[in-house]
Structures are given as structure tokens and as C-alpha cells.
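Open the model in your viewer and keep the sequence panel beside it. We will go stop by stop, selecting as we go.

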Amino acid sequence: KRKTVRILVCAATLPELQTFSEETRELVLSEANPFVQKGEQGFLLTGVGLPAALATLFSVLPTCRPEQILNIGIAGAYPNSGLQIGDVVMGESEVYGDIGFELPEAPYFQSISESRFAGSLYANPFSLYCVQEWITPSVRFGRGSTVNSCTGSEQVGLAREQVLQAHFETMEGAAVAQVGKQFEIPVCEVRTISNIASTRDMRLENIRFALERLRAHFGACREER
């Protein structure tokens, strides 16, 4: 039996999901029980990474067919994106960022989208919806890159930025966008920047700050309604 869900809010981890509202701060979800519905809203803990996000979404969406999917969390900003730690960014599109071929010389990587093996899945970026409900005056907009391995060096960060023309990276964004496209459900992605996708630097204070900024963002969205 299908459940009536206006919006499905999903995130990779519980701390990210709990930034959405006061209500979600009390959520208790796990890998074994990743989904809960509260009224017209559904909340989904996808797990970290592409395989987990794809598996979880495909298990939930056949019975929970929301009008909209909102993918939230933290992200890394590429070096020349202009994004800073704590900035809120709304995705305009998503691509799979590290599926392809390493090269011995710069730019050191060729995306599968540029090869004859691409097929329709990789040929074009997944379009995302910039939903007015989740936009505030401070929101930035950018293109997302979804990777299996987060950037850990300046060389990789610059190469990904150049090849993919992306502004930020996550580990689930393109998977959520892909599933939304397959089920014909619009996907909106809102992230806050917790690190610069260059030389590895994942200080806990920056992660906490990014989560606080995400919580404040959704609070501001509600105040503007």
C-alpha cells in the first residue's frame, strides 16, 4: 500500500538528517530501520556512499512515492568554486565524479561521460530542481560531483574541478538524483560546506559549524513562509 508523502527528506547520516527541523532532532533511525513517516513528511537515512544510497532509495520508493525528494547534508567545495566553509549551496545538477579513467598526465582523469562507453546514464548531468521553498537570500548555487573517494589532495581537487566543471562534491548526490529521475520525482539538494576538497582537512569544528549552518538555514526557510 502506497503512503501519501509530500516530501521525502534524506541524508547520509543521522546528524545531517537531524538538521531539518526540531522534530527531526528526535529521530532514531538506523541501517536496519532507515525510514519513518510523520504526517506528510518522510525521513530516510540513506547511509554513506553510492551503493548505500541507491539500495536504500530503491527499497523505499516503491511504497513511498513522494511529490519531492530533498537531499540534505554537508559537502566539500572545490578550490576555485568561491564557496567557503559554512556556505549553503543548492545543487543545480549532479554528475558521477570519479567513474572513468586515470591518465598519466594532466588533467589526470577522464570522465566516463567523455568515452564511448558512457551510455545514457552518464552522457549528461542529472538536473536538479531549485525549489523556492528551500531558497533564502544567502543560498549559493552550484554543480555537484558525487565520488566514491573524497578528494584528499590539491592535485585531485583541481583535476576534478577542471574536468567536471563542478563546484562541490558529495558521496550520494548523483545517486539520489538518478533514482529521482528513474521514478520521475523531482530532487532538490541542499548542502553546507564543511571542508575544501583539496588537501584533506576534516576538522570536527568545521563539520559542527556546517551542521549548525544547515539547521539555521532550514529554520530561516520556515520563518519566510
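The radius of gyration is taken over C-alpha atoms, and the globule rule is 2.2 Å times the number of residues to the power 0.38. For 225 residues that rule puts a compact globule near 17 Å, and the protein chain has 17 Å, which agrees. This is a predicted model: local features need pLDDT of at least 70, side-chain atom pairs count only at pLDDT 80 or more, and totals for chains, interfaces and linings use all residues. Residues are numbered from 1 along each chain as its sequence is written, and side-chain values use heavy atoms, with hydrogens and water left out.

**Stop 1: the whole chain**

Select the protein chain. Its C-alpha atoms fill a box of roughly 55 × 40 × 30 Å along the principal axes. Switch to cartoon view. There are six helices and eleven strands. Helices (H or I, at least four residues) and strands (E, at least two) are DSSP runs, numbered from the N terminus.

Now think about cover. Buried means under 20% relative accessible area, exposed means over 50%, and partly exposed is in between (1.4 Å probe, protein chains only). Of the 225 residues, 52% count as buried. Contact means heavy atoms within 4.5 Å. Among contacts between residues at least 6 apart in sequence, 77% join residues at least 24 apart.

**Stop 2: a hairpin**

Select residues 35-38, strand 2, and residues 41-45, strand 3. Two strands pair if DSSP finds at least two bridges between them. This pair is antiparallel, over four bridges. Find Q37: G42 in strand 3 stands opposite. The two strands form a hairpin with two residues between them. Click G39 in the turn; its phi is positive, about 65 degrees.

**Stop 3: strand 5 and its partners**

Select residues 88-96, strand 5. Is it enclosed or open? Eight of its nine residues are buried, so strand 5 is largely enclosed by the rest of the structure.

- Strand 11 (residues 187-196) pairs with strand 5 in the antiparallel sense over three bridges. Look for M90 opposite V190.
- Strand 9 pairs with strand 5 in the parallel sense over seven bridges. Here Y96 has T146 as its bridge partner.
- Strand 8 (residues 126-127) runs antiparallel to strand 5, joined by two bridges. S93 has S127 as its bridge partner.

**Stop 4: I85**

Select I85, in the loop between strand 4 (68-77) and strand 5. At 28% relative accessibility, I85 counts as partly exposed. Which residues does I85 touch, leaving aside its neighbours within four places in sequence? They are I193, S194, N195, N206 and F209.

**Stop 5: a cis bond**

Select A106 and P107. The peptide bond from A106 to P107 is cis, with omega near 5 degrees. P107 lies in the loop between strand 6 (100-102) and strand 7. Most residues other than glycine have a negative phi, and most peptide bonds are trans. Keep the phi part of that in mind for the next two stops.

**Stop 6**

Select residues 154-164, helix 4. Show the side chains of its buried residues: G157, A159, R160, E161, V163 and L164. They pack against strand 5, strand 7 (109-111), strand 9 (140-146) and strand 10 (168-170).

Step on to Q165, which follows helix 4. Q165 sits in the loop between helix 4 and strand 10. Its phi is near 55 degrees, a positive value in a residue other than glycine. At 48% relative accessibility, Q165 counts as partly exposed.

**Stop 7**

Select residues 173-183, helix 5. Nine of its eleven residues are buried, so helix 5 is largely enclosed by the rest of the structure. The buried ones are G173, A174, A175, V176, A177, Q178, V179, G180 and F183.

E184 has its place in the loop between helix 5 and strand 11. Is E184 buried or exposed? At 73% relative accessibility, E184 counts as exposed.
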